[in-house]
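Here is a short briefing on one protein model. Keep the sequence and the structure in view while reading.

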Amino acid sequence: MFKCGYYLKGLQTFEHVTDHRPLISILNSYTLDAVENPRLQRLKEKLSPFIFTARWRAGKQLCIPDALSRHPVSSPTDEANMLVDVSAHEAVAVRAIHSLASPDDSQPATTDVQLEELQRAACTDETYIRLLHCVRNGFPSHRYDLHTTLLDYWKIRDELYCDGDLVLYGPRIVVPVASRKLVLRRLHDSHCRAEDTKRRAQQTMFWPGINEDITNVVRACDACQTLLPSQQCTGMMTS
Ligand SMILES: [Zn+2]
C-alpha cells in the first residue's frame, strides 16, 4: 500500500486484500488508542492518510501479489519489514509460553507447559483440527453452517490466526482440551485470587469458558482455602 500510495491517497475508498487475518479487525475497527502493540500502532498511524476496507483472502488465492513479491525491484523498505515483523506469529506463541513460566523459573524452556506438548495435543484433538481448518481456510459465511463444537469461536473468528499447528487469539494460545488441566494448574501455581489468575490468562492462554474454569479451580484449591485470610495477590489497586 505504501508503494502505491501515489495512486491511493485521495481515493474515496478502496479495498485492501490481505491473507493476514488478525490485521482485518485491527485495520477496520480498532481506533489507534485501542491497539496495544506499538509496532501495530505505528503501522496504523502510517496508514491513516488512506481510506480503505481490509478484507481477508487465503494466501494461495493471492497469486499476483505473491508473484510480484518474489520479483522485487528494490530492497524492502522499513514499512515492508514492519509488515513482515507483524506476521512473525511464532514469536507470539513462544512469548505466551514464557509469560506463563513462573518468575522463579530460571529457564523458561523448562516450563512444564511446552509448546511441543500443546502442538502434540492439538494434532490429536478433533475439534482443534476442525478449528484450525476454519482459521486457515475461512469460516463459513453463516453461523448455522459451522460445526456445533466450534460455535463458541464464532464471535471471535476474525481475530483468530494460526502459528503452525496452533491457533492464536491475540497474544493468547488457544489451548487444546487435553492440555487445559495442566495449563490451569500452571496459571494458578502461585495461588493468586481468581481475578489475578484470570488476568494472567489474558496475556497467555485461551479457550471458551476459561474464566469459569479458573473460578472453579481457585474455589476447589485446598491451599487457597487454608491461606484464605492472607491470600496473596498481584497488581492490587491501591486507590
Ligand atoms: Zn490455590
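**Overview**

The buried residues of helix α2 pack against β1 (14-18), α3 (38-46), β2 (52-56) and β3. Contact here means that two C-beta atoms, placed from the backbone, lie within 7 Å. This is a predicted model: local features need pLDDT of at least 70, side-chain atom pairs count only at pLDDT 80 or more, and totals for chains, interfaces and linings use all residues. Residue numbers start from 1 along each chain, as its sequence is written.

The protein chain has 12 helices and 6 strands. Helices (H or I, at least four residues) and strands (E, at least two) are DSSP runs, numbered from the N terminus.

**Burial and contacts across the chain**

- Of the 239 residues in the protein chain, 18% are buried.
- A residue is buried if 20 or more other C-beta atoms lie within 10 Å of its own, exposed if 12 or fewer, and partly exposed in between; C-beta atoms are placed from the backbone.
- Take the contacts in the protein chain between residues at least 6 apart in sequence: 71% of them join residues at least 24 apart.

**Helix α2**

- Helix α2 spans residues 21-28.
- Its buried residues are R21, P22, L23, I26 and L27.

**The sheet**

- Four strands form an open sheet in the order β3-β4-β5-β6, with mixed pairing.
- β3 and β6 are the edge strands, and each pairs on one side only.
- Strands count as paired if DSSP finds at least two bridges between them.
- β3 (residues 160-163) and β4 (residues 166-169) pair in the antiparallel sense over 4 bridges.
- Within this pair, L160 has Y169 of β4 as its bridge partner, and D163 stands opposite L166 in β4.
- The hairpin of β3 and β4 has 2 residues between the strands, and G164 there takes a positive phi near 60 degrees.
- β4 also pairs with β5 (residues 172-174), in the antiparallel sense over 2 bridges.
- Here Y169 stands opposite R172 in β5.
- β4 and β5 likewise form a hairpin with 2 residues between them, and G170 in the turn has a positive phi of about 60 degrees.
- β5 and β6 pair in the parallel sense over 2 bridges.

**M205 in β6**

- M205 lies in strand β6 (residues 205-206).
- M205 is the bridge partner of I173.
- M205 is buried, because 26 other C-beta atoms lie within 10 Å.
- P171 and M205 are 34 residues apart in sequence, and their C-alpha atoms are 8.1 Å apart in space.

**Helices α9 and α11**

- Two packed helices are described by the angle between their axes and the distance between the axes.
- α9 (residues 180-187) and α11 (residues 210-219) pack at an angle of about 65 degrees, with their axes 10 Å apart.
- Axes are lines fitted to C-alpha atoms, for helices over the stretch in contact; angles run from 0 to 180 degrees between N-to-C directions.
- The crossing of α9 and α11 is right-handed.
- R180, L184 and L187 of α9 make the contact with D213, I214 and V217 of α11.
- The residues of this contact divide into 4 nonpolar, no polar and 2 charged.
- Ala, Val, Leu, Ile, Met, Phe, Trp, Tyr, Cys and Pro count as nonpolar, Asp, Glu, Lys and Arg as charged, and the others, Gly among them, as polar.

- V183, L184, R186 and L187 are the buried residues of α9.
- They lie on the same side of α9, because they cover an arc of only 160 degrees around the axis.
- The arc is that of the directions from the helix axis to the C-beta atoms.
- In α10, the buried residues are D196, T197, R200 and A201.
- Their arc around the axis is only 145 degrees, so they sit on the same side of α10.
- The buried residues of α10 pack against α9, β6 and α11.

**The loop between α9 and α10**

- H191 is in the loop between α9 and α10 (194-202).
- H191 has a positive phi of about 55 degrees although it is not a glycine.
- H191 is partly exposed, because 16 other C-beta atoms lie within 10 Å.

Key: Left-handed = near helix turned anticlockwise from the far one by under 90°.
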